[in-house]
Amino acid sequence: MTMKPTVNRAIVIGGSLGGLFTGIMLRSIGWDVDIYERSDHDLDSPGGGIVLQPDVVEVFQRAGIRYSEPLGVVAHERYYLNRDGSIAQPMSMRQVLTSWNFLYGSMRRHFPSEHYHQGKTLTNIEQNGERVTAIFADGTYDTADLLIGADGGGSTVRQQFLPEVQYRYAGYVAYRGLVEETELDRSTAALFTERFVFYQFPNSHILQYVIPGANESLVPGERRFNWVWYVNYDEANELPRILTDKVERHRDYSIPPGMLAPFVEREMRMYADAVLAPPFQKLIAATPEPFVQAILDLSVSQMAFGRVALVGDAAFVPRPHTAASTSKAAANALALADALVEHNHDVIKALPAWEPTQLAYGNQLMAHGQQLGSRSQFSS
């Protein structure tokens with residue numbers, strides 16, 4: 001009598017993009033995968049503009065996710081504006097601009113819903129040489145061959161293995177906003193549509209690009225202008241005020257749409273009118289619910305711990321100037337699947353082989369983001 005071979009099984013903690021990239025790639029090489037997400041409802045990112053990179057496309061292709069080209073809005077040019085709003089420097093540069101919601105929706109529909117579990121908060125991880133077990137706050141647990149920490153910058157998985165790793169504030173924040181295509185005047189919309197547009201001035205810059213609209217729509221007129229504006233604030237004296245929301249609750253890192261304190265929003269809008277080029281003044285004036293996030297650095301010296309691995313923002317949070325946070329999570333997942341196949345699905349051999357290149361990539365992105373941020377925000 002021949003024994004049926006044991007199917008390899010993975011637990012993924014975190015059901016956002018990093019978790020879905022990893023879960024989908026492991027399924028593509030024959031693994032059984034269950035994703036456990038802390039939130040009890042489908043996730044949403046109202047300001048999640050993303051520059052599409054090749055690693056994301058490769059995950060979609062290798063996993064067999066059905067999609068039609070392009071995976072977002074195509075920008076054919078990059079413009080840098082003068083103070084009066086005229087074009088200082090046009091550049092031919094084709095890029096695809098997508099959204100967090102567009103990628104999440106595409107992958108969420110592809111991943112089997114019976115293996116995507118919501119409302120599951122991880123409390124502990126136990127492992128021996130053979131298996132790893134995730135224990136959840138509701139008293140349930142699951143055991144597998146491999147556990148992936150894809151639970152973002154505040155990773156519970158990372159905290160268990162590297163409790164000393166903490167965020168570092170970079171010295172500035174990103175104000176962000178979304179504007180429906182139909183809500184912007186015609187001439188400003190014509191300048192911004194299907195272009196990556198920047199305005200740079202001493203110790204700051206703002207950028208915008210068009211992303212898919214509600215329900216992942218790519219139809220012209222149904223898309224959104226997505227903007228990001230980097231502004232410096234002192235950590236001790238200014239940042240706590242910016243991160244106190246309209247009900248006077250202090251938040252650690254970000255304030256979502258609709259929750260900015262009125263005086264903070266008012267100051268931001270007045271500052272925009274004083275310093276930005278006119279097209280960006282109009283864009284911010286048309287934004288109904290701007291929001292803000294502190295720019296943070298986070299990095300680790302280790303990503304593999306026996307049968308546990310960290311991916312995406314759970315390991316490295318590069319600055320947004322790199323446009324690489326999402327693609328890094330995809331690259332982690334692609335490399336992990338390749339390492340498992342190369343080592344005959346032996347986790348104990350595959351993870352040490354996978355880890356060095358992923359650490360090097362994460363550190364490279366961290367250094368690049370810090371260099372870009374320092375040049376933009378502190379060189380003048």
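Helix α9 covers residues 325-342, 18 residues in all, and stretches 26 Å from its first C-alpha to its last. That's close to the 26 Å expected at 1.5 Å a residue, where the expected span is 1.5 Å times one less than the number of residues. This is a predicted model, so local features need pLDDT of at least 70 and side-chain atom pairs pLDDT 80 or more, while totals for chains, interfaces and linings use all residues. Residues are numbered from 1 along each chain, and side-chain values use heavy atoms, without hydrogens and water.

**Around α9**
- Helices are DSSP runs of H or I with at least four residues, and strands are E runs of at least two, numbered from the N terminus.
- Of the 18 residues in α9, 13 are buried (under 20% relative accessible area, 1.4 Å probe, protein chains only).

- Nine strands form an open sheet with mixed pairing, in the order β3-β5-β4-β12-β13-β14-β11-β16-β15; two strands pair if DSSP finds at least two bridges between them.
- β3 (49-51) and β15 (254-255) sit at the edges with a single partner strand each, so one side of each has no neighbour in the sheet.
- β13 (residues 204-211) and β14 (residues 224-232) run antiparallel to each other, joined over 7 bridges.
- One of the residues in β14, F225, is the bridge partner of V210.

Methods. Buried < 20%, exposed > 50% of the residue type's maximum accessible area, 1.4 Å probe, protein only.
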